[in-house]
Amino acid sequence: MLDIIQQCKANLKRNLNNPLVSEFFKTRHLTESDIDTFDLGYANNISILGTEMKNRLVFPMYDINGIANSLSCRMLDKNDIPK
């Protein structure tokens, strides 16, 4: 799970100028500090746990011990219909 989170975090850093990503952060007044605090990531054309992800913001979920145990994703492209 940590490998997936690290991959998505690095991908987000590379895609901060992507219009879908930048608009999401701009409208919600989120900063790079917020990105780091919440370990936000970006999935673009990658497979996460067997599911193809495209244009998704990734939110890792941590248990009480600080161990990542799941991911939540938000679609950034309103025209993208999950399959």
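1. Let me start with Asn-55, which is found in the loop between strand 3 and strand 4 (56-62). In this predicted model, the phi of Asn-55 is near 55 degrees, a positive value in a residue other than glycine. As background, most residues other than glycine have a negative phi. The burial of Asn-55 may also interest you: with a relative accessible area of 10%, Asn-55 is buried, under the 20% cut-off for that class.

2. Is His-29 buried or exposed? His-29 has a relative accessible area of 68%, so it counts as exposed.

3. The protein chain has three helices and five strands. Read from the N terminus, the order of elements is α-α-α-β-β-β-β-β. Among contacts between residues at least 6 apart in sequence, 40% join residues at least 24 apart.

4. What about the overall dimensions? The C-alpha trace spans about 35 × 30 × 20 Å along its principal axes. A compact globule of 83 residues would have a radius of gyration near 12 Å, and the protein chain has 12 Å, so the two agree. Buried residues account for 33% of the 83 residues.

5. A few words on surface and charge. The protein chain exposes about 5600 Å², and carbon and sulfur atoms supply 52% of that area. On the charge side, there are 10 positive and 10 negative side chains. The centres of these two sets lie 7 Å apart.

6. Next, the cysteines. How many disulfides does a search of the whole structure find? The search finds zero. Cys-8 is in no disulfide, and the nearest cysteine sulfur, that of Cys-73, is 7.1 Å away. That distance is too far for a bond, because a disulfide needs the two sulfur atoms within 2.5 Å. The surroundings of the two residues are worth a look as well. Cys-8 has 1% relative accessibility and therefore counts as buried, while Cys-73, at 31%, counts as partly exposed.

7. Asn-11 sits in helix 1 (residues 2-14), and Asn-15 is found in the loop between helix 1 and helix 2. Asn-11 has a relative accessible area of 10%, so it is buried; Asn-15, at 16% relative accessibility, also counts as buried. Which residues do they touch? Not counting residues up to four places away in sequence, Asn-11 touches Tyr-42, Ala-43 and Asn-44. Leaving aside neighbours within four places, Asn-15 is in contact with Val-21 and Tyr-42.

8. Finally, please look at the loop between strand 2 (46-48) and strand 3 (51-53), where Leu-49 has its place. Gly-50 lies in the loop between strand 2 and strand 3 too. Leu-49 has 65% relative accessibility and so counts as exposed. Gly-50 is exposed as well, with a relative accessible area of 70%. Which residues does Leu-49 contact, leaving aside its neighbours within four places in sequence? They are Met-1 and Ile-4.

9. Leu-49 and Leu-30 are 19 residues apart along the chain, and their C-alpha atoms are separated by 27 Å. Gly-50 and Asn-69 are also 19 residues apart in sequence, with 16 Å between them in space, C-alpha to C-alpha.

Methods:
Residues numbered from 1 in each chain as written. Predicted model: local features only at pLDDT ≥ 70, side-chain atom pairs only at ≥ 80, totals over all residues. Heavy atoms only, no water. Helix = DSSP H or I, 4+ residues; strand = E, 2+ residues; numbered from the N terminus. Rg over C-alpha atoms; globule rule 2.2 N^0.38 Å. Buried < 20%, exposed > 50% of the residue type's maximum accessible area, 1.4 Å probe, protein only. Contact = heavy atoms within 4.5 Å. Areas by Shrake-Rupley, 256 points an atom, 1.4 Å probe, with all protein chains shown as cover. Lys, Arg positive; Asp, Glu negative; His and termini not counted. Charge placed at Lys NZ, Arg CZ, Asp CG, Glu CD.
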